[in-house]
Amino acid sequence: MANVASVPPGKLKETVQAKAASAPKPVAPTKPAQAAGVAASRPASATKAVAKPTVESHSAATNTEERASALAFLGNLAAEVSKGTVNLPCFPDVVMRIRKALAEPEVSLTEIVRIVGTEPRLAARLLQAANSAAFNPSGKHLTDLRAAITRLGHRPVQSAAMSFAVKQLRLAPALRTISRPLNVLWEQSISVAAICQVVARRTRVSPEEAFLTGLLHGIGRLYIMVRSVGKSDELYRDPSFVDMIESWHPAIGKAVLQNWGFDDHMCEALGDQDEHDRGGRNEPNLTDILVVAVALARVLREPGPRSVETDRIKSFARLHLTAQNCAEILRHAEHQLGSLHATLGC
């Protein structure tokens with residue numbers, strides 16, 4: 001279990017507090033006694049006429065209670081991460097140790113090799129990635145972990161380590177009830193990562209950093225899903241719970257990355273991934289790339305013919321992407337997906 005404490009994220013606390021404050025307030029349910037009183041005041045012939053609204057009122061009250069329960073759950077998670085604590089059951093500690101080590105400017109290769117070596121399955125994953133077609137065009141096979149980490153570089157090592165961690169979550173017996181949505185989320189994350197990498201090559205942003213950001217873009221959703229296991233079934237009886245996750249996960253994901261010590265611009269990108277109206281005259285950045293990638297990944301999941309509405313999201317214009325450019329990006333990313341699965345070992 002990863003339980004990482006960090007400095008309070010400051011402005012993030014205001015973000016999640018604002019999210020909680022803006023959440024719809026539950027409406028007081030109709031009291032059964034009131035409903036019964038209405039029925040009693042009518043003639044017997046009218047009793048059936050009021051029976052249906054009474055049932056509907058009870059259903060509405062139940063839905064309201066379920067929604068209130070879901071909002072309270074999400075609010076508690078947001079408050080928790082805003083205070084600087086990330087508690088993600090079944091998440092391998094070795095991944096966080098690698099993340100912390102790579103964040104140190106003076107970390108030695110020997111130290112990275114030592115940490116990775118404590119988890120043989122992760123070491124095998126990194127060797128697999130280093131020998132994949134994406135990182136081994138010459139065909140020179142490596143069997144030495146030090147050489148593999150050198151060939152990959154810091155960002156790809158983090159991406160491979162994160163894919164290893166997510167796979168462990170997907171296989172964990174305690175999380176079996178959400179294994180299917182975790183698989184769906186991971187497939188979406190790989191798609192977003194692939195698109196981020198392709199788009200970044202048109203900018204000055206590092207393609208490796210963009211790829212890792214795309215891979216992590218759903219970490220808030222993953223955090224909510226994992227923490228919801230074992231909670232009341234009321235969360236899942238509410239059909240709007242999925243919509244609430246969509247609304248809350250960027251802020252929670254930003255908080256998780258801040259607590260894990262990721263760069264500020266990566267954290268900002270996760271928090272603003274659904275900001276379609278972001279403008280400005282500055283050079284397009286990592287946030288623009290992620291906003292566009294999330295939108296294009298949704299299109300990628302659609303059956304053909306695909307269409308991209310670039311006029312509704314300003315980041316497309318900031319990146320100078322036309323509908324034709326987007327179609328080319330999607331084709332390129334789709335072509336890469338097969339090799340990415342081999343590279344990440346998932």
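In this predicted model, helix α9 meets helix α11 through P181, L182, L185 and Q188 on the α9 side and R221, L222 and M225 on the α11 side. Sorted by class, that contact comes out as five nonpolar residues, one polar and one charged. As for the geometry, α9 (residues 179-200) and α11 (residues 219-228) pack with their axes 11 Å apart, at an angle of about 175 degrees. Since angles over 145 degrees count as roughly antiparallel, α9 is therefore roughly antiparallel to α11.

Next comes the pairing of α6 with α8. The axes of α6 (residues 120-130) and α8 (residues 154-171) come within 10 Å and cross at roughly 130 degrees, which makes α6 oblique to α8. The crossing of α6 past α8 is right-handed. On the α6 side, the contact draws on R121, L122, R125 and L126, and α8 puts in V157, A160, A161, S163, F164, K167 and Q168. Here the class breakdown is six nonpolar, two polar and three charged residues.

That leaves helix α7, which spans residues 145-152 and has L145, A148, I149 and L152 as its buried residues. Looking down the axis of α7, these buried residues fall within an arc of 95 degrees, so they line one face of the helix. As for what sits over them, the cover on the buried residues of α7 includes α5 (109-117) along with α6 and α8.

Conventions. Residues numbered from 1 in each chain as written. Predicted model: local features only at pLDDT ≥ 70, side-chain atom pairs only at ≥ 80, totals over all residues. Heavy atoms only, no water. Axes fitted to C-alpha atoms, helices over the stretch in contact; angles between N-to-C directions. Helix = DSSP H or I, 4+ residues; strand = E, 2+ residues; numbered from the N terminus. Parallel < 35°, antiparallel > 145°, perpendicular 65-115°, else oblique. Left-handed = near helix turned anticlockwise from the far one by under 90°. Contact = heavy atoms within 4.5 Å. Nonpolar A, V, L, I, M, F, W, Y, C, P; charged D, E, K, R; others polar. Buried < 20%, exposed > 50% of the residue type's maximum accessible area, 1.4 Å probe, protein only. Arc of directions from axis to C-beta.
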